[in-house]
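Subject: Structure handover

Dear colleague,

Here is the structure I am passing on to you. My notes on it follow below.

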Amino acid sequence: MSNPFVRIVEPLDPKQPLKKFFNLSKLEDVRYAHLPFSIRVLLEAAIRNCDEFLVKKGDVENILNWKVMQHKNVEVPFKPARVILQDFTGVPAVVDFAAMRDAVKKLGGDPEKINPICPADLVIDHSIQVDFNRQSDSLQKNQDLEFERNKERFEFLKWGSQAFKNLRIIPPGSGIIHQVNLEYLARVVMDQDGYYYPDSVVGTDSHTTMIDGLGVLGWGVGGIEAEAVMLGQPISMVLPEVVGYKLVGNPQPLVTSTDIVLTITKHLRQVGVVGKFVEFFGPGVAQLSIADRATIANMCPEYGATAAYFPVDDISIGYLIQTGRDKEKVMCTKRYLEAVGMLRDFKNSSQDPDFTQVVELDLHTVVPCCSGPKRPQDKVAVSDMKKDFESCLGAKQGFKGFQIAPDRHNSIVKFNFEGRDFELSHGSVVIAAITSCTNTSNPSVMLGAGLLAKKAVEAGLTVKPYIKTSLSPGSGVVTYYLRESGVMPYLSRLGFDVVGYGCMTCIGNSGPLPESVVEAITQGDLVAVGVLSGNRNFEGRVHPNTRANYLASPPLVIAYAIAGTVRIDFEKEPLGINASGKKIFLKDIWPTRNEIQAVERQFVIPGMFKEVYQKIETVNKSWNALDAPSDKLYTWNPKSTYIKSPPFFDGLTLALQTPKTIEDAYVLLSFGDSVTTDHISPAGNIARNSPAARYLTSRGLTPREFNSYGSRRGNDAVMARGTFANIRLVNKFIDKQGPQTIHFPSGEILDVFDAAERYKQAGHPLIVLAGKEYGAGSSRDWAAKGPFLLGVKAVLAESYERIHRSNLVGMGVIPLQYLPGEDAGTLGLTGRERYTIIIPEKLKPQMNVQIKLDTGKTFHAIMRFDTDVELTYFHNGGILNYMIRKMAS
């Protein structure tokens, strides 16, 4: 290495004399000592993979002057050590790879150059649904149905694992991607290519940040960006600001990690951390287990940061041993981190770095809470839940309102279920799910839920039979310790049987509700409730019939299931009355922290991790039996409704096309704030009256065979029709929720896809208007691919969530941002105008461009191509086009 700021240090491990490591700077350099730990990892990766980095920029010396460099827009070419994918985002990635091989061959190149260069692990966790619950064989039935529905997709993925090098598939039924990463895949320190260096990862799922809790720098990117990384392209990013989040104090005895993360989520949303790193420090961090830290890091997308980093400390090292990692490798990891000054002592304030900004939380101030009814950042103390929900009922339609008339607040609908009479009202719980990587990775909250279930059953409490209860652990280890500790039978008695190992209810794979329940909700126009231990509760995500959805810890999920309603004050009202007529309150059955920790120490042991993970790639017999083709080029089946060669590369030539001015574009949709990727490209059920349903029906499928949008991401015909198909979409052109818009030339109200098709046939370009936080939520590449296929050339928004902006760039869709202090309102934009966006010949990052309206008005907006690399992608029509040209030439 020629870079003078990279030292090659001789072996740490005498048994492996070739194992050396890089170090950014002399350890005695005080400037290095004050760099945030997350930035050290970022820069180590940049220098290791890009020798000329910083030297060429002339910033080798200055980079260590952290406070100065934050404001100089230093561009960092970050090459992560690994990529992880899940099947909803992984299938379209492998589809793109297969299509790219075809395109490279057409252009005269070697198609096998399209191949992952770095290790890529794909975990199949998004396909299984809660079709069966409250039965001892629910798990097997759901897994059988998963294979029946998704056999074609799974065969395609198995082909991919054979056709591409460095691509490993973790079969369905193994667990949730982020928990498998935490417990098994993560290295913390890599020992490859003759060197030690920090582990780092990007993933095609926004909650990839969960791994930051273990000290592995990682975050979610769109599938498009991940594909480029897999092909050897660095992620070019401006050196981010780092917010130091100081934790002090000790949590109260009744508080869970879920309560802490929901408190932090609300706090950091208020602070404003979009596009920044958050790094946790302070003595309070030492009070948190790795599972607690992972829970906090997992919900990083919900507070908008790029990464939420916990540096490695002795507790991290202990976790590696607890989860069955090789002890010798763990000790080498520790020695390496000590040698480069990156083993953290959170109680030693002299190690505290310089941060852009510091905010603080006293853990003792955290109280039990939930978040909802429509956004993760809307925290509600459990003590206020009843009052808050009742105020939401009458509030104006919005994030905290349902606009129910006052005389209907106490409406009751009677119904019959399995021969018994029941009642539903506003606030009735109809879904209670212990689900998601966020909480099921954490033994303390899972065992807490099990102990609460045990006490509830012993006290004579039950859960009403019509409530859809479920338990979907993030890995087989969870089931192992729940069973060994003796709490599983009690969870089953309350209806929380294991229904599958996957994301399930958290991503909308909640399956159907009983017909009589749906009829009662519809008849009374009721605000029915889902309570889940997940990370997202956006409108229309969890289930079409639950208008209110609350995020809660696993013990609280059980508590609300027993109560049957969120209109309860746990401090004053009993959970229920047992057969003896005794009132049972939540405080009577809530397990103490000491009880939980005692069980955790006894039953969460290294042996169970080793036993589960040593057979993870071979344990699924259905997967092993799949017969996949072995050709290097994929043979597309024209009859398939799951896997289809996408049109992204049709007509692609080696020569670049000069970007042109967008002339007289119509506005397809006009939005307010917080439009999520779930609004843009839903993952859940395909509505029977939707354009996608009409397409599938025309291909001979029945509604039972529709499956979900998420499962059909390998088929662009379905996904284009599913773009902006969320039933809770709020388009300012329409006076009601729904996936429709006005086709302005005719004045007709049409489904969004049908309107876009009319515009396309007439040769009219399209744009989208939006408010703040456009594209919040999942790292969903189809939220950019779908609008691209509809003919959307640009989006004009007040602000963007980081991942979605990157995805738009990756597809060649221009992300435009209003100038500070301006928005549609201040500029008097109605969305009914036609827009001409002037694209200059010479472009530079974040330049202002002129926009002319057919009304004669002119204004400027920022073109959010943030780096020179992003401009290169734009000139190529997107990242994938760029990579094809690079490989073909």
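Ring pairs join F97, F156, W159, F164, Y634 and W636 into a cluster. Rings of Phe, Tyr and Trp (for Trp the six-membered ring) pair if their centres lie within 6.5 Å; planes under 30 degrees apart count as stacked, over 60 as edge-to-face and the rest as tilted. This is a predicted model, in which local features need pLDDT of at least 70 and side-chain atom pairs count only at pLDDT 80 or more, while totals for chains, interfaces and linings use all residues. Residues are numbered from 1 along each chain as its sequence is written, and side-chain values use heavy atoms, with hydrogens and water left out.

Aromatic pairs

Searching the whole structure gives 29 aromatic pairs. In one of them, the ring centres of F156 and W159 are 5.6 Å apart and the planes are at 25°, so this pair is stacked. Both residues belong to helix α5 (residues 138-163), 3 residues apart, about one turn of the helix. Helices (H or I, at least four residues) and strands (E, at least two) are DSSP runs, numbered from the N terminus. F156 and W159 are both buried, where buried means under 20% relative accessible area, exposed over 50%, and partly exposed in between (1.4 Å probe, protein chains only).

The rings of W219 and F277 also have their centres 5.6 Å apart, but with planes at 50°, so the pair is tilted. W219 is in strand β10 (residues 217-220) and F277 in strand β13 (residues 277-281), so the pair ties together parts that are 58 residues apart in sequence. W219 counts as buried at 1% relative accessibility, and F277 is buried at 0%.

Charges over rings

A charge sits over a ring if NZ of Lys or CZ of Arg is within 6 Å of the ring centre and within 35 degrees of the ring normal. The charged end of R40 sits over the ring of F37, 4.1 Å from its centre. For K785 over the ring of W782, the distance to the centre is 5.4 Å.

Barrel

In the order β26-β29-β30-β31-β34-β33-β32, 7 strands close into a barrel with mixed pairing; two strands pair if DSSP finds at least two bridges between them. Strand β26 (residues 662-670) and strand β32 (residues 835-837) run antiparallel and are joined by 2 bridges. I662 stands opposite I837 in β32.

T333

T333 lies in helix α12 (residues 327-339). With a relative accessible area of 6%, T333 is buried.

Regards
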